[in-house]
Amino acid sequence: MRKRVTIKDVAREAGVSIKTVSNVINDSGSMRPETRKRVQSVMDRMGYQLNVSARSLKTGRTKVIGIAVEEFRPFFLHLINAISEAAHAKGYGVIINTYGGRLPEFIQEASTLATDGWILHPTPKSRNGFIHSSWNKPTVQVGEYSSAVHFDNVAMSNRAAIEYVTGRFLDSGCRRVGAFGAPESLASVIHAVRSGETTSQALLDQVSSMTEGAASLRFQGFCDAFVKRGMIPDWDLVCCDEVWATSKSFEMTCTMLESMTPPDAMVCFTDEIAIGVMHACASRGLRVPEDVQISGHDNIDEGRFTNPTLTTIDPSLREYANTAFDMLLERMQGYDGAPRFHMTGYTLVERDSTRFGRG
């Protein structure tokens, strides 16, 4: 069995002190660039691997962070990759876990894992579970909240982005513009509006009071675009579903198309939803974008390979991930100020599933 290469072996081979090798490993200290480069070259050549357990016992730090999401879905995989790249660039390893419907068990498990801090993507419901538990690790949450309350928070421009793309449809002449991915909590109120039991204004007032969750904020943006133009959404074209799965959006769109005139456009709150809506339209003989225009959100890779290619919101995922990791790094290094809030920008990526007035 090959003997493990130690820091002493590297120091002897490179002709430097153990302290110098340690500084290279931890990217600290001052030394000539050529010295740092020579030590790194020796480590690579000798196959030196950091003994994380030993360093953890000595320093109390592992240089490993955890990432927790509710479940593995296409967007979360892109998010995890982006955060991992940011962490690896600073010499940190990453472990990934899902909490799903077992939040108490996950919180207990996380306390035993050798991590220096965590990046969490909680749902509005699960966030309360983290806050009111024994969770005490340096933490940054990535998720759709109006402000940071307990943890540092990095969020997307959900409301503004969906308002913008909805406005583009309306300004290009579309009038039957639908939304897919609205909060399920609004389903009964929307039904009441459809049946005349309550008013559109009452529904809009309820929508404007919502403060948390991507579904709520994106639906606010959808409604904002209409209100700012003196218009009211066609509530028959609003689909409430927070599962945000391609199969579910396919089934719900097929059902909708069986009972009414197709919309001019559908604003989908994720690319996963949009792909399902697109296939449902095709299965009913509708052409995209000639008959129905479709937009998504997230700019996942799959959208570049749909037929037609998918117009989508790019939520600046790189900025999202890098900011979250940088905030966490500051917390792990001792920053103990008040919770901070950062909102990323967005870009509309126009592809072939929309026309926006091009004829």
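Keep in mind that the model is predicted. In total, the structure holds 9 aromatic pairs and 20 salt bridges. Picked examples of both follow, starting with helix α6.

- F72, L77 and I96 together make a nonpolar surface patch of about 290 Å².
- One of these residues, F72, sits in the loop between β1 (64-69) and α5 (74-89).

**Aromatic rings**

- As a reminder, a pair of aromatic rings is described by the distance of the centres and the angle of the planes.
- Among the 9 aromatic pairs of the structure is the one formed by F75 and F76, which is tilted, with 5.9 Å centre to centre and 55° between the planes.
- F75 and F76 are both buried.
- F106 turns up again here: its ring pairs with that of W118, with centres 5.5 Å apart and planes at 90°, so this pair is edge-to-face.
- The F106 and W118 pair links distant parts of the chain, as F106 belongs to helix α6 and W118 to strand β3 (residues 117-121), 12 residues apart.
- Both partners, F106 and W118, are buried.

- R12 and D9 meet through their side chains in a salt bridge of 2.7 Å, N to O.
- These two residues are 3 residues apart in helix α1 (residues 7-14), which means that about one helical turn separates them.
- Buried or exposed, what about R12? R12 counts as exposed because its relative accessibility is 61%.
- D9, on the other hand, is buried, with a relative accessible area of 15%.
- R32 and E34 also join their side chains in a salt bridge, at 3.8 Å, N to O.
- With 54% relative accessibility, R32 counts as exposed, while E34, at 44%, counts as partly exposed.

**A buried salt bridge and its network**

- R340 forms a salt bridge with D152, and the closest N and O atoms are 2.8 Å apart.
- Which parts of the chain does this pair tie together? R340 lies in the loop between α14 (317-332) and β11 (341-343), and D152 is in strand β5 (residues 152-155), so the pair ties together parts that are 188 residues apart in sequence.
- Both R340 and D152 are buried.
- The two of them also belong to a network of salt bridges that links D152, E330, R331 and R340.

Note on methods. Residues numbered from 1 in each chain as written. Predicted model: local features only at pLDDT ≥ 70, side-chain atom pairs only at ≥ 80, totals over all residues. Heavy atoms only, no water. Patch = residues over 30% accessible without salt bridge, like charges linked within 9 Å, V, L, I, M, F, W, Y side chains within 5 Å. Areas by Shrake-Rupley, 256 points an atom, 1.4 Å probe, with all protein chains shown as cover. Salt bridge = Lys/Arg side-chain N within 4 Å of Asp/Glu carboxyl O. Helix = DSSP H or I, 4+ residues; strand = E, 2+ residues; numbered from the N terminus. Phe/Tyr/Trp six-rings, centres within 6.5 Å; stacked < 30°, edge-to-face > 60°. Buried < 20%, exposed > 50% of the residue type's maximum accessible area, 1.4 Å probe, protein only.
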